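Subject: Structure for your files

Hello,

Here is the structure I said I would pass on. My notes on what was found in it follow below.

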Amino acid sequence: MRLGEYSQAPSLRGGDAGHDGRVPETAAQQDLDAAPAPAGEAVALHSLGFSKPLVEAIAAKARHHGTSLEQELLHHPGIEENAYYGAMARFLRLPFLERIDSAIVVDSEHADTQLRRPTMIRLQHQRQAPQMAVIPRAARLGGLAATLANRPSLREGLVVTTPTALRTAVWEAGALRRVRHTIGELFDQRQDLSARIVLMGGQGFVAGLLTATLVACALAEPGLFFSLLHPALSYLYLLGLILRIMALLHHRQRHETQVHDVTGPLPCYTILVALYREAAIARQLVDGLKRIDWPSPLLDIKLVCEADDRETIDALRAQMLPANFEIVEVPPAAPRTKPKALTYALNGVRGDYLVIYDAEDRPHPGQLREAYCRFCELPAEVACLQAPLVISNAKASWISALFALEYSALFRALLPWLANHRMPIPLGGTSNHFRVAALREVGGWDPFNVTEDADLGLRLFRLGYRADVLQRPTQEDAPTTRAVWMGQRTRWFKGWVQTWLVLMRQPGRLAAQMGLRNVLIFQLLIGGMLLSSLLHPLIFVFLVEGVFAMLAAPADAIPARVLMLFVVDAVNIFGSYLIFVTLGIKAMTDDEQRQIGMRWTGVPLYWLLTSIASWKAVMELRAKPFFWQKTPHQPSS
């Protein structure tokens with residue numbers, strides 16, 4: 001029995017696309033896009049030569065995952081995309097294109113919809129009539145076959161291709177347009193949210209005037225200047241310490257809730273991994289992503305690489321990537337940053353939800369399920385969920401040990417406390433899960449901000465969204481040498497300065513958007529952290545100065561102001577170290593604590609290095625604000 005007899009043949013009209021490449025809603029597109037019909041799919045697959053046991057097996061998977069038979073078949077081991085669509089082309093008696101020359105693709109902004117749901121694209125040849133490259137669907141194959149049988153002249157304008165070939169051609173054809181749009185969109189649409197201009201005119205004037213005033217005061221009246229600076233810095237430092245004490249108290253009271261997974265049909269979920277010079281870690285990355293517990297047909301994994309980084313691209317292709325993996329090549333263009341690459345890839349994201357991972361990450365296999373469950377439970381204003389980052393190489397060096405302490409305190413104590421009180425959260429650079437609609441609404445990542453995670457978390461908050469946290473972690477490695485750590489931390493500080501400057505362009509408007517309490521929290525988290533890091537060595541100077549002042553005066557004649565500042569300085573120094581260590585240790589497992597050992601005693605040196613990194617960041621912000629210091633990675637042992 002002919003396949004066409006199982007389905008009523010719809011009409012297929014000519015002239016399927018305009019000169020701009022936009023495909024109108026013709027009967028052909030309706031035929032390709034109609035909802036899957038399981039019975040029709042099964043008949044089509046049998047007619048294409050697939051055995052009954054195989055079709056029944058993938059039908060069971062399709063029912064369980066809420067997918068189509070065709071989706072499951074294309075992700076079944078041993079099924080090759082070219083062979084499958086080649087068989088469809090032979091069945092329809094149409095030419096088959098295994099690869100599409102991007103030079104003949106009609107590019108437009110609308111063509112990017114084909115990156116998300118590839119169905120058809122117009123091909124404009126120089127010496128022959130235009131063609132429509134189509135991707136038939138098994139559910140409607142019978143109707144398409146009947147239409148072509150009734151109107152054989154339509155065969156002259158149709159060719160069959162594969163989703164991979166079509167997406168590859170669309171990526172290539174629109175690369176320059178897309179990268180220009182990626183770099184300029186946030187700046188062009190919302191200049192006040194972009195870090196492309198380091199200091200706006202008014203900010204530059206105020207910064208220059210303030211700097212000149214402070215320098216003049218320091219030179220003219222150094223005693224008065226430092227007598228005012230001392231209490232200002234000491235009490236600011238104390239406020240930051242109180243913030244972390246509150247997080248510590250919350251952590252002690254906090255009980256981890258049981259993680260539940262959503263059962264039943266799942267949405268499409270996208271994973272983005274931005275890569276640059278990561279050939280050495282390609283195998284570990286792919287293996288880790290393969291372990292994620294999510295139906296393969298509903299997992300859209302995009303490995304985003306710089307187009308001129310051939311070594312990484314070749315290393316990834318050598319891994320024989322499954323059907324749900326896609327390498328996205330970003331055209332070389334300044335700024336060469338991770339956020340630019342992520343925003344470029346956002347054009348082709350197919351999922352309703354999205355997560356960012358780094359090259360060295362090993363996420364918990366069930367993290368996506370927890371995130372989706374939490375998104376279903378939480379209101380729509382929660383646009384992002386931050387998974388905790390756990391350092392797995394804490395015992396490698398004293399640098400990595402203290403880095404592990406820092407991450408433990410941040411991701412498993414401070415951020416949960418901020419989320420619990422619905423305060424702004426500066427996101428970590430990886431394991432951020434987003435609602436894609438909200439991410440697109442706020443403009444994606446800022447290509448010019450080199451700490452794009454903190455910037456995006458605060459931008460989401462000021463535009464009416466907020467973030468929450470997850471429990472299932474992501475394992476990653478910390479830098480083990482001072483040089484690598486210094487380069488990474490300098491970039492982070494530079495991005496935090498960028499973020500603070502962007503948010504402080506219109507302080508009144510920021511207060512109206514975020515609320516006074518949350519503006520104060522932002523100032524402590526970002527502004528206070530920056531200032532205390534820059535001036536951290538002065539706390540030691542003030543402490544020593546207080547000791548000498550008290551030694552020089554009789555015990556009963558020590559001024560109350562001097563005594564009070566000495567106490568505050570002592571609390572700041574020793575209390576900050578104590579809270580840093582306690583907050584980190586309390587959030588760790590017993591095994592993690594054993595890996596740290598006694599290396600927590602290096603905290604004073606670690607903080608002095610942090611101060612050096614902050615000063616390097618300020619100087620680098622002036623000379624090369626968008627320079628991205630690459631952190632090298634090696635496979636985890």
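**The sheet and its strands**

Gln386 stands opposite Val469 in S12. This is a predicted model, in which local features need pLDDT of at least 70 and side-chain atom pairs count only at pLDDT 80 or more, while totals for chains, interfaces and linings use all residues. Residues are numbered from 1 along each chain as its sequence is written, and side-chain values use heavy atoms, with hydrogens and water left out.

Strand S9 (residues 382-386) and S12 run parallel and are joined by 4 bridges. Helices (H or I, at least four residues) and strands (E, at least two) are DSSP runs, numbered from the N terminus; two strands pair if DSSP finds at least two bridges between them. The two strands belong to an open sheet of 7 strands with mixed pairing, in the order S6-S5-S4-S7-S11-S9-S12. S6 and S12 are the edge strands, each pairing on one side only. From one strand to the next, the twist averages 25° (axes are lines fitted to C-alpha atoms, for helices over the stretch in contact, and angles run from 0 to 180 degrees between N-to-C directions).

Strand S5 (residues 299-306) is joined to S6 by 6 bridges, and these two run parallel. Val304 stands opposite Val328 in S6. Helix H12 (residues 282-290) lies across S4 (269-275), S5, S6 and S7 (353-357), and runs at about 170° to S4.

In a regular strand the side chains alternate between the two faces of the sheet. Strand S12 (residues 466-469) is covered on both faces: Arg466 and Asp468 on one side, and Ala467 and Val469 on the other, are all buried. Buried means under 20% relative accessible area, exposed over 50%, and partly exposed in between (1.4 Å probe, protein chains only).

**Cores and a buried helix**

The largest nonpolar core has 142 residues, and the members that touch the most others are Leu45, Tyr84, Leu272, Leu354, Leu418, Phe434 and Trp445. Helix H16 (residues 398-420) contributes the largest share of this core, 13 residues. Apart from it lies another core, of 37 residues, which includes Leu299, Ile301, Tyr372 and Cys373. A nonpolar core here is a set of buried Ala, Val, Leu, Ile, Met, Phe, Trp, Tyr and Cys residues joined through side-chain atoms within 4.5 Å.

Not counting residues up to four places away in sequence, Leu272 touches Lys302, Val304, Leu342, Ala345, Val349, Leu354, Val355, Ile356, Tyr357 and Trp445 (contact means heavy atoms within 4.5 Å).

Helix H7 (residues 141-150) is largely enclosed by the rest of the structure, because 8 of its 10 residues are buried. Those buried residues are Leu141, Gly142, Gly143, Leu144, Ala145, Ala146, Thr147 and Leu148.

**Salt bridges**

A salt bridge is a side-chain nitrogen of Lys or Arg within 4 Å of a carboxyl oxygen of Asp or Glu, and by this rule the count comes to 30.

The side chains of Arg374 and Asp468 meet in one of these, at 3.4 Å from N to O. Arg374 lies in helix H15 (residues 367-377) and Asp468 in strand S12, so the pair ties together parts that are 94 residues apart in sequence. Arg374 is partly exposed at 22% relative accessible area, whereas Asp468 is buried at 10%. Salt bridges that share partners join Arg374, Glu377, Glu381, Arg422, Arg466 and Asp468 into one network.

Arg310 forms a salt bridge with Glu329, with the closest N and O atoms 3.1 Å apart. This pair links distant parts of the chain, 19 residues apart: Arg310 is in helix H13 (residues 310-317) and Glu329 in strand S6 (residues 325-330). Arg310 is partly exposed at 35% relative accessibility, and Glu329 is partly exposed at 28%.

**Asn393**

Asn393 is placed in the loop between strand S10 (389-391) and H16, and counts as buried at 14% relative accessibility. A polar atom of the Asn393 side chain lies 2.9 Å from the backbone nitrogen of Ala478. Leaving aside neighbours within four places in sequence, Asn393 is in contact with Ser400, Glu476, Asp477, Ala478 and Thr480.

Regards

How values were computed:
Polar contact = N/O pair within 3.5 Å; in protein donor to acceptor, adjacent residues only side chain to side chain.
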